[in-house]
Amino acid sequence: MVRVRFAPSPTGLLHIGNARVAVFNWLFAKRLQGTFILRIEDTDVARSEKKYMTQLIEDLHWLGITWQEGPDVGGQYGPYLQSERLHIYNDLCQKFLKEGMAYKCYCTPEELEERRRIARHTGKPPRYDNRCRNFTDTQKEAFETSGLNYTIRFKVPDELVVFDDLIRGTCQFDTSLTGDFVIMRSDGTPSFHFAVTIDDTLMNITHVIRGEDHLSNTPCHILLFHALKQKPPQFAHLSLTMGADRALLSKRHGAFSISEYRKLGYLPEGLLNYMMMLGWSPKDKKEKFKVGDIIDTFEINSMSKASSVFDQQKLDWLSGQYIREADLERLLTLAIPYLQEAGFVSTEESKIDLSKLKLIIDAVRGNISCMSQIVHESEIFFKDVVISENHVEFLSSETSQSILSAFYMELQKLNNLSPEIFKDILKTVQKETKVNGKGLYMPIRIALTGREHGPELYSVANILGINACKTKIERFL
RNA sequence: GGCCCCAUCGUCUAGCCUGGUCUAGGACAACAGAUUUUCGAUCUGUGAACUGGGGUUCAAAUCCCCAUGGGGUCACCA
């Protein structure tokens, strides 16, 4: 039975990079009908916050990712919050200490930092020098009675660690180059390395799928698995996602948190699709695909080894594609909160003209990539748009005036408007003014909307209605 | 700096494992044309890449080595 986990630390918002790791874990589990587990690594007391965990769960659910075991749903291998498992780490640590696999280190953070600084300065690797490892008994006793704070470090044995990575193939590390690392901090909380291996063992994790930033940590973990007398799981290290500057994707690259995208009104299936495109592609080479359709073809070893650059433009394109074919009722539901916030429609849903709204959404959906853009696109239907000076000038030109007045005359003959009627009267205006194409449409578009871009003019006029059209044109005659 | 991973159009990628079918395919973006009597949307098309150097081979994007470049890691963060 395949068991995989996504193990974020609740120290910030879930962003594209992390979420992508969750997605591939989830996909892998689905493909092999395994179990997907959510484990929260909140051992960093200073930075972990409950609200981030809540948000993280919400964001994952929004994307459509579900797990069989986790802090919110329970499971037989719990608890799934590392902060609730401290006694486990502690017991094991005592065992390590007793068996001589670990030792107390009395170096202070300041000393360590200073030594690292010097090492870096002299071009040496900034690793721990294992100095507390071989204290004599009298030295140990002296420290013991001193009451000084200490951390507990793992005695890293010198060996050549070899493992097969599902994505990268055989990887080798010489651990004599690795310093003894901390497994228990002076405040009694476990370090990442320690907690991870213990939990992966106790939770029977069969495959560890994580970012490539953990590749160099893997030998440390394998050593710990050995110390725990456990067979290490299979590893798969995913390529990383970078920003446009080729630096690891992070907050400073902009709005990359999942909740941010949600707030902007991206459709979750679009975002999910995009994240899967980073490092993987389906056999049929389609860019747009539904998760359900590709699960059976997913092979983790076919994933790209090279890191990829996050491309907002492509996300926008893909997301736009989903909006174009989304169910109109669904878009309506999604759009209403944005329109309410903008003050375009009533906060009481019963007072909203839903059929008109649907017309509007259908008219503008081709021009947006996320639902929040509906506000800008539909503003022309709800507000008297301010016309810029350039446009005023443009509309007062001789040809513009002739078109506008001819158009107005035609409107006067009518009681109502439809896309067809609009096209008909434009035909008449064209004949009268001898202007066609862009020259004919642009003055009317600008007079009606105050913009050069927008939905098809006939649907704009149709939605506006005959009276609004008349008054808007009157202003420029 | 040591160690590790990686390297195809500007970007995401196919091809690489199992050399020949690759004058390297697709998508985003860019540009051009068509269509819409309109901008946009849509459709069609164009330009755009095997990092460099050595090998192996009849033949290398594909296998090997070196160089270069990028990234990661070496924390009482995860």
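A disulfide is counted here as a pair of cysteine sulfur atoms within 2.5 Å, and by that criterion the structure holds zero disulfides.

## Basis of the model

This is a predicted model, in which local features need pLDDT of at least 70 and side-chain atom pairs count only at pLDDT 80 or more, whereas totals for chains, interfaces and linings use all residues. Residues are numbered from 1 along each chain as its sequence is written, chains are lettered from A and ligands numbered from 1 in the order in which they are written, and side-chain values use heavy atoms, with hydrogens and water left out.

## Cysteines

A disulfide is a covalent bond between the sulfur atoms of two cysteines. For Cys-93, the closest cysteine sulfur belongs to Cys-105 and lies 13 Å away, which is too far for a bond. Cys-93 is also buried, with a relative accessible area of 1%, where buried means under 20% relative accessible area, exposed over 50% and partly exposed in between, computed with a 1.4 Å probe on protein chains only. Cys-469 is likewise buried, at a relative accessible area of 0%.

## Domains

Chain A is divided into domain 1 (3–70 + 242–309), domain 2 (85–238), domain 3 (326–382) and domain 4 (389–474), with bounds that come from an automatic or database domain assignment. Between domain 1 and domain 4, the C-alpha centres lie 48 Å apart.

## Contacts with the RNA

RNA strand B is surrounded by 72 residues, of which the closest are Arg-185, Gly-279, Lys-427, His-453 and Glu-456; a residue is near the strand if one of its heavy atoms lies within 4 Å of it. Of the atoms of RNA strand B that come within 4 Å of the protein, sugar and phosphate account for 69%. The residues of the surface near the RNA divide into 26 nonpolar, 23 polar and 23 charged, where Ala, Val, Leu, Ile, Met, Phe, Trp, Tyr, Cys and Pro count as nonpolar, Asp, Glu, Lys and Arg as charged, and the others, Gly among them, as polar.

An N or O atom in the side chain of Asp-44 is 3.0 Å from a sugar or linking oxygen of RNA strand B, while the side chain of Ser-186 places an N or O atom 2.8 Å from a base oxygen, and that of Asn-217 has one 3.3 Å from a base nitrogen.

Helices (H or I, at least four residues) and strands (E, at least two) are DSSP runs, numbered from the N terminus, and two strands pair if DSSP finds at least two bridges between them. Strand S4 (residues 151–154) runs antiparallel to strand S3 (residues 102–105), to which four bridges join it, and S4 also pairs in the antiparallel sense with strand S7 (residues 182–184) over two bridges. Arg-153 of S4 is the bridge partner of Tyr-103 and stands opposite Val-182 in S7. Thr-151 and Arg-153 point one way from S4, Ile-152 and Phe-154 the other way, and all are buried.

## Other covered elements

Strand S9 (residues 234–238) has four of its five residues buried, and S9 pairs in the parallel sense with strand S8 (residues 207–211) over five bridges, with Val-208 and Phe-235 as bridge partners.

Helix H9 (residues 268–277) is largely enclosed by the rest of the structure, because nine of its 10 residues are buried, among them Pro-268, Gly-270 and Tyr-274. Just after H9, Gly-279 takes a positive phi of about 100 degrees; Gly-279 is also one of the closest residues to RNA strand B.

How values were computed: A polar contact is a pair of N or O atoms within 3.5 Å; within protein, one must be able to donate a hydrogen and the other to accept it, and residues adjacent in sequence count only if both atoms are side-chain atoms.
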